[in-house]
Amino acid sequence: MALAKSMNTNVTLYRVSGALLLLSLWEAAGASGLFFKGVLPSTWLIGKSLLRLMGDPIFWGHFNVTLFEILAGFAIGSAIGVAVGLALGMNRTTGQVFEPVVEYLAATPKVVFLPILLILFGIGVGSKISLAALSCFFPMTLSLAAGVRGMSPMFLRVGQTLNLSLAQRIRMIYLPALVPPIST
């Protein structure tokens, strides 16, 4: 117990020391004159600007719009990702056919899809939400498909024994068992 507490204290000390060292290096580099003015501003200027920004009502309006875009994209991408992940994981043939395509598209930089999304949704909120949904869809789908395949067959046999419908199996067996992949 004492050893763990001592190690925790040492780790905290190293973290604080490292943060102070980085802060000192930033200040020294900014004051050195080696960089153009404004490239490495003082941390005091940064803090002052941040406080001024936080007090500006226009900032909070833009913040709310951005937060809406992020949350809407996350909700849409997650919902579609859960549905597709369940389909790929529950049906072996569907998974073997379509999962490689999803894996290849997941590795593609999402900025590649931006021109297509701009054509489909225009410049504005729609394209931003769709890009956020697309960014959320691939990890959710692949994680859920792997989670479905990794489930214990005992759960599925219990569902068959109870003659559960597909919707009941999804609601009572799959979704509760897949909370970790969904959360991840």
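Colleague: Why does E99 count as buried?

Modeller: Its relative accessible area is 9%. Buried means under 20%, exposed over 50% and partly exposed in between, with a 1.4 Å probe and protein chains only. Since 9% is under 20%, E99 counts as buried.

Colleague: What are these values computed from?

Modeller: This is a predicted model, in which local features need pLDDT of at least 70 and side-chain atom pairs count only at pLDDT 80 or more, while totals for chains, interfaces and linings use all residues. Residues are numbered from 1 along each chain as its sequence is written, and side-chain values use heavy atoms, with hydrogens and water left out.

Colleague: What makes E99 and R149 a salt bridge?

Modeller: Their side chains meet at 2.8 Å, N to O. The term asks for a side-chain nitrogen of Lys or Arg within 4 Å of a carboxyl oxygen of Asp or Glu, so the pair at 2.8 Å qualifies. E99 sits in helix α4 and R149 in helix α6, 50 residues apart, and the pair links distant parts of the chain. Helices here are DSSP runs (H or I, at least four residues), numbered from the N terminus.

Colleague: Is R149 buried or partly exposed?

Modeller: R149 has 46% relative accessibility, so R149 counts as partly exposed.

Colleague: How many salt bridges does the whole structure hold?

Modeller: Two. K128 and E69 also meet through their side chains, at 3.9 Å, N to O. K128 belongs to α6 and E69 to α3, so this pair ties together parts 59 residues apart in sequence. E69, at 8%, is buried, whereas K128, at 47%, is partly exposed.

Colleague: Why is the F59 and W60 pair called edge-to-face?

Modeller: A pair of aromatic rings is described by the distance of the centres and the angle of the planes. Rings of Phe, Tyr and Trp (its six-membered ring) pair if their centres lie within 6.5 Å; planes under 30 degrees apart are stacked, over 60 edge-to-face, and the rest tilted. For F59 and W60 the centres are 4.9 Å apart and the planes stand at 75°, so the pair is edge-to-face. F59 is partly exposed at 21%, and W60 is partly exposed at 35%.

Colleague: What makes F137 and F138 an edge-to-face pair?

Modeller: Their ring centres are 5.1 Å apart and their planes lie at 70°, so the pair gets that label. Both F137 and F138 are buried. The structure holds four aromatic pairs, and F59, W60 and F63 form one aromatic cluster.

Colleague: Which residues make up the largest nonpolar core?

Modeller: The set has 10 residues: V82, L86, M140, L144, V148, M151, L164, I173, Y174 and L178. A nonpolar core is a set of buried Ala, Val, Leu, Ile, Met, Phe, Trp, Tyr and Cys residues joined through side-chain atoms within 4.5 Å. Helices α3 (57–90), α6 (125–149) and α8 (166–177) each supply at least two of the residues. The largest share, three residues, comes from α6. A second, separate core of five residues includes L88, F137, F138 and A145.

Colleague: Which residues does Y174 touch?

Modeller: Leaving out residues up to four places away in sequence, Y174 touches L86, M90, V148, M151, L156 and R169. Contact means heavy atoms within 4.5 Å.

Colleague: How do you know that S130 is buried?

Modeller: S130 has 12% relative accessibility and the limit is 20%, so S130 counts as buried. S130 lies in α6 and, with residues up to four places away again not counted, touches L117 and F121.

Colleague: Which residues make the nonpolar surface patch?

Modeller: L50, L53, M54, W60, F63, L67, I70 and L71 make a patch of about 720 Å². Patch residues have over 30% relative accessible area and no salt bridge; like charges are joined within 9 Å, nonpolar side chains (Val, Leu, Ile, Met, Phe, Trp, Tyr) within 5 Å. Areas come from the Shrake-Rupley method. L53, in helix α2, has 40% relative accessibility and counts as partly exposed. Both α2 (43–54) and α3 give two or more residues to the patch, and α3 gives the most, with five.

How values were computed:
Areas by Shrake-Rupley, 256 points an atom, 1.4 Å probe, with all protein chains shown as cover.
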